[in-house]
Protein chains: 2
Amino acid sequence: MVEYVRLSDGAGGELMDHFIKDNILKYFSGGSSGVSIPVPLSMLDDAAVVDDIVFTTDSHTVKPLFFPGGDIGSLSIAGTVNDLSVVGAKPLALSAGFIIEEGFPLDLFERIVRSMSETSSNAGVLVVTGDTKVVERGALQGFMINTSGVGKRHPLLDDNFKEVKRYRGCRYDWLLDGNLSDGDCIIVSGCIGDHGVALLSYREGYGFETRVRSDVAPLNKLIECILKVGGIVSAKDPTRGGLANAVNEFSDKSNIGIILEEEAIPVSDDVSSACSMLGIDPLEVGNEGKVIVGVVKEKAEEVLSTMRQHPLGRDASIIGRASSEVHGVVMDTIVGGRRVVRRPLGDPIPRIC
Amino acid sequence: MVEYVRLSDGAGGELMDHFIKDNILKYFSGGSSGVSIPVPLSMLDDAAVVDDIVFTTDSHTVKPLFFPGGDIGSLSIAGTVNDLSVVGAKPLALSAGFIIEEGFPLDLFERIVRSMSETSSNAGVLVVTGDTKVVERGALQGFMINTSGVGKRHPLLDDNFKEVKRYRGCRYDWLLDGNLSDGDCIIVSGCIGDHGVALLSYREGYGFETRVRSDVAPLNKLIECILKVGGIVSAKDPTRGGLANAVNEFSDKSNIGIILEEEAIPVSDDVSSACSMLGIDPLEVGNEGKVIVGVVKEKAEEVLSTMRQHPLGRDASIIGRASSEVHGVVMDTIVGGRRVVRRPLGDPIPRIC
């Protein structure tokens, strides 16, 4: 039987997880090159750590290229800065690999490059190397970018984990998905679902009106602020598959249950009504400027108030806690029930990044 | 007037150079992030150096995906290992960013991933991080890969430059295009043009018969061998735009003339006859397993004989020298004349990598 790659194999949910484990990981797990890899590919975290270098990559195929609040340029820079930052790195430098369809308008190309430049200035991380490929008409629709990034262990990370260890032991000394323990608090830095909904509202065939703008933003400075407080054990940017996917990764890799409080999860009215109109769950919609962190409970209030003082964390909220009383992720709902929050099969909105 | 991106803007020659300088560099040259960048983007060398990390990126859009001697998988790994190695880095780790068209056959995908795995084992460099995107049918023809790579300064590089400095001063202490001086010898590691010709022979619409196989191979171990000898000042893998482009980059960035000896340039009979049949210049055809090095003349014979002892350098040859007597690149031809070797406008064979 011939099998084919499906859209859902790249949609950030459970199916992508299977696709990667079944078809990619087995070829790249063996062998040794004599270098130390504290966070290898097989951990499937947001970035790898090799010797003392943090390294990550992302290809961007977002559709449309320009959307309310951002474009493929700002998205590519922010996405890679964020993937470095959420494991506890200080981003050092980025690469830009352009793949362009012949005939792509030069003014749009420059608008994208300018947007990359502005976002990288905001983040304080430079693009230092690049590659440009042009393919004939029809070989690619328009434009795609790969951005990879390198960083080093953030100088504040050691003190952060010292603070953690005042209260309990900790498995890894990077901000990894597998670090949560019973009682840790889960904090999200703001309203969820904005990016996916903004994108969808702008796509052909949907065209519903909304004031929602993408939240795309580099989070390195926000994360730096909370590292100063200390006590952070895990961090993740909930992109494809949204909050539901990210929190399930925390739970799976830490082998601990998570109880979310629906009431505490910040969702704007506009996103909420767009989602109910479209029949999708805001928990499963992707974000590009939000971070979810796991924090030892003793530091949670201080981390929360520090986050709220940062422009990108004003709507931050403690949305739940790790708990050995449950398996997987459950949510206490506003109406008083409790429901399971599964890992979505894929993202309900394709090509969000 | 609306302007559009042309195929030649990504074809590795003079037009791509203009495209990058006019449309990309100006947005990424400013600003400072407080990190040291000994080899910045603006030098347009094969990789950048940031703090002590060497960093490079390449998107692979080769057509067809499978060709005599290799495939997009081996090409992507070798290409990135080579870009790190030619500036003087020891490659540490690679990333793999897959962009796949929905419906791409899974068995072909696995064949590519297996090929990446084998090539990375041969090179002794692991893939440590990745990204997978799937786009809907028609948004992309088949399959593309981005590979980025990180490395560190090769431990042999300091001794290599000590050897250089026994004979003369040297501008940069990395193997950069701008390091050549009057009298330096230019060595190529083997026959040129194999990759481009192998690819073309396999493409629809051409279908000429040839025994030529792509030379795709990781060059890090060959380069390590000659670094042990010392005296290397510049190195470059002549991919898009071929030898003609690479040697012109040496000449331009070092601000020194180069005299090539046509007789000394190794070209196989098959490539030679295919090129004359097609009316293209083998000097402009891309390679994926060759390196061109600039060496102080006192070490040239020793570097040559060391190269020839390595399986990937058996046909190595001293093909010319840097000379202040000429401007740009000229070639003394077999028939006794001298002709200018210009930087090609683009690669005569599109989508070779």
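**View 1. A salt bridge between A:Lys90 and A:Glu224 in the predicted model.** The closest N and O atoms of A:Lys90 and A:Glu224 are 3.6 Å apart. Because A:Lys90 lies in strand β5 (residues 89-101) of chain A and A:Glu224 in helix α6 (residues 220-229) of chain A, the pair ties together parts that are 134 residues apart in sequence. A:Lys90 is partly exposed, with a relative accessible area of 39%, and A:Glu224, at 24% relative accessibility, also counts as partly exposed. Over all chains, the structure holds 58 salt bridges.

**View 2. A salt bridge between A:Glu249 and A:Lys236.** Here the closest N and O atoms are 3.9 Å apart. A:Glu249 belongs to helix α7 (residues 242-254) of chain A and A:Lys236 to strand β9 (residues 232-236) of chain A, so the pair ties together parts that are 13 residues apart in sequence. Both A:Glu249 and A:Lys236 are buried.

**View 3. A salt bridge in chain B, and a network in chain A.** B:Lys299 forms a salt bridge with B:Glu302, with 3.2 Å between the closest N and O atoms. B:Lys299 counts as buried at 7% relative accessibility, whereas B:Glu302, with a relative accessible area of 42%, is partly exposed. In chain A, salt bridges that share partners join A:Asp17, A:Lys21, A:Asp46, A:Asp177, A:Lys236, A:Glu249, A:Lys253 and A:Arg343 into one network.

**View 4. The contact between chain A and chain B.** Chain A gives 82 residues to this contact and chain B gives 82 residues, while the area buried between the two chains is about 7,100 Å², of which carbon and sulfur atoms give 66%. Between chain A and chain B there are 12 salt bridges, one of them formed by the side chains of A:Lys63 and B:Glu136 (2.7 Å, N to O), and 29 residue pairs are in polar contact across the interface (both at pLDDT 80 or more). The elements that give two or more residues to the side of chain A that touches chain B include α1 (14-28), α3 (106-123) and β7 (143-153) of chain A, and the largest share of that side, 10 residues, comes from β6(A). By class, the side of chain A that touches chain B has 42 nonpolar, 23 polar and 17 charged residues.

**View 5. The contact between domain 1 and domain 2 of chain A.** Chain A is divided into domain 1 (32-153) and domain 2 (157-340), and 23 Å separate the centres of these domains, taken over C-alpha atoms. In the contact, 34 residues of domain 1 meet 32 residues of domain 2, and the area buried between the domains is about 2,700 Å², of which carbon and sulfur atoms give 59%. Within domain 1, A:Pro68, A:Val86 and A:Arg153 lose the most area to domain 2, together 24% of what that side buries. Between the two domains the count is 4 salt bridges and 13 residue pairs in polar contact (both at pLDDT 80 or more). On the side of domain 1 that touches domain 2, β3 (66-67), α2 (72-85), β5 and α3 of chain A each supply at least two residues, and the largest share, 8 residues, comes from α2(A). The residues of that side divide into 19 nonpolar, 9 polar and 6 charged.

Conventions: Residues are numbered from 1 along each chain as its sequence is written. Chains are lettered from A and ligands numbered from 1 in the order in which they are written. This is a predicted model: local features need pLDDT of at least 70, side-chain atom pairs count only at pLDDT 80 or more; totals for chains, interfaces and linings use all residues. Side-chain values use heavy atoms; hydrogens and water are left out. Helices (H or I, at least four residues) and strands (E, at least two) are DSSP runs, numbered from the N terminus. Buried means under 20% relative accessible area, exposed over 50%, partly exposed in between (1.4 Å probe, protein chains only). Contact means heavy atoms within 4.5 Å. Buried area is the accessible area (1.4 Å probe) that two parts lose on being put together, summed over both. A polar contact is a pair of N or O atoms within 3.5 Å; within protein, one must be able to donate a hydrogen and the other to accept it, and residues adjacent in sequence count only if both atoms are side-chain atoms. Ala, Val, Leu, Ile, Met, Phe, Trp, Tyr, Cys and Pro count as nonpolar, Asp, Glu, Lys and Arg as charged, and the others, Gly among them, as polar. Domain bounds come from an automatic or database domain assignment.
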